[in-house]
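Hello,

Here is the structure I promised to pass on. Please open it alongside this note, and my findings follow below.

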Amino acid sequence: MLSILKQSNSGSSPSVALPRGLDFIQVLSDIAGMGGGAGLQEARAMHVGRPLSERRTDMYSFCNPGEFQSSPFLSTRGNIANLFRGSTEEGYKAYHADKYDEDKNPNGIINFGTSENKLCFDLMSKRSKLNQSLLCVFLSLREEVARFLTYYCKAPAPLKAENVIVLNGCGSLFSALATVLCDPGEAVLIATPFYGGITQSLFLYGNVKLVYAYLDSKITGTSTRPFQLTVDKLEKALQDARSESVGVKALILLNPQNPLGDIYSLSELRDYLEFAKRHELHVIVDEIYMLSVFDESATFHSVLGMDRLPDPQRTHVMWGISKDFAVSGIRFGTLYTENQDVANAVASLCYFHGVCGPVQHKVAQLLRDRDWINQVYLRANHARLKAAHTYVTDELKTLGVPFLNRNAGFFVWIDFRKYLRTGTFEEEMLLWRRFLDNKVLLSCGKAFECSEPGWFRIIFADKTHRLQLGVWHFLPFYITQSCLQLWPPHSLLKLPSIPGLLCFS
């Protein structure tokens, strides 16, 4: 099926046999400036003359090396990914612009190039209750995404559909961006604590490391709040990495921040972006919680809403539907970038990260229904998030448990440090494990690379009766000083189990 959205004018096409091109290792060598650039004929002759076991792998759809110019914005493998175009892309571009239709476009192009069975669409449509059109590409989806982001990010000018990339979730976008911006062993800068899934997305897929700018709860120097990200902390982390010969290629910003719930001001965003420009770093901005700011006193500023970006060619913004629209499990993430080299390179990986036709169709319908989003969904969602947050934080105040009081996301960053006798991550893990043994799952600070033991993330976006169960049956017994601070050392290992308690997930 044509279930992969065409991402750009030069993205990849499924099921198309392309002519053999240049030897992969030779292209890699030429791009990286390591080889002598043997011509296509010579490369093929060298290849054919070698024993089978010594032959290098041929790749398909490389352009003529004499016409190729590597992009300074991409890694070596990013430039290679950008080469996966092929002359057939011209045909697919023409086809999608002039597709044959028996009634609407009888003189259009008939597609005999894609290997798909069109003889039994009728049977599958009846069986699966899906219209035939839902099994095909939805080119209008990127236009809907562009209009949606223009409106909710308050962009000063309409965003362009050709700058939109769609993959199956923001995790896939992180993986793809790491691959095309960094080569194996290079690194991306990020402030801690941060959502730990990013580590897996960057390392397992692209062998890209993270360099940490450690934040802490102390308010010192230019800081005005706990765990505040400053340019000074970014500078220190970057210089420390470079002193160890670590190549840092990008900066990741989470806004709103997970797990802190911080929302960056416009001046802070500008400072971070100017820092990145000075050091020629790409900036990947994850705004997946942008519509989950639930208090009117807090104002979210999208990078896409800024009047001027310091370095638009190195600024890439991500968003997805799973958090803001309460559909975790539906994998749909968008990337907006003005850099066509980056867009094309990421799009070349969409074959592995495509979004199926029915999901594309449903998401397009959702994003265009702005009246329902504004008048029904966002009003209800913000009211429910605010009520749940108020309930949990009021109980934490009553119990004397410190926490960061923020107005975005689904989580509260709570401080259990005074309940750790030795103040170590080992003791933090003991406490976390006892929670788990008693059927309660929290996220400990170590999972977010927090620099201080004793911080935990608790999710409050849950039904009232479950929140009440969790607070009234669990927190008073385990958290108050009378239950923990008066116990002898290491007694956390001997806490009794209480069944039937809330699982904060």
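Helix α15 (residues 425-437) lies across β11 and β12, and runs at about 25° to β12. Helices (H or I, at least four residues) and strands (E, at least two) are DSSP runs, numbered from the N terminus. Axes are lines fitted to C-alpha atoms, for helices over the stretch in contact (heavy atoms within 4.5 Å), and angles run from 0 to 180 degrees between N-to-C directions.

Please keep in mind that this is a predicted model: local features need pLDDT of at least 70, side-chain atom pairs count only at pLDDT 80 or more, and totals for chains, interfaces and linings use all residues. Residues are numbered from 1 along each chain as its sequence is written, and side-chain values use heavy atoms, with hydrogens and water left out.

β11 and β12 belong to an open, antiparallel sheet of three strands, ordered β10-β12-β11; two strands pair if DSSP finds at least two bridges between them. At its edges are β10 (411-415) and β11 (443-444), each pairing on one side only. Two bridges connect β11 with β12 (residues 455-459), and Cys-444 sits opposite Phe-456 of β12.

There is also an open sheet of seven strands with mixed pairing, in the order β3-β9-β8-β7-β6-β4-β5. β3 (164-167) and β5 (209-214) each have a single partner strand, so one side of each lacks a neighbour in the sheet. β3 pairs antiparallel with β9 (residues 333-337) over four bridges, and Ile-165 faces Leu-335 in β9.

Best wishes
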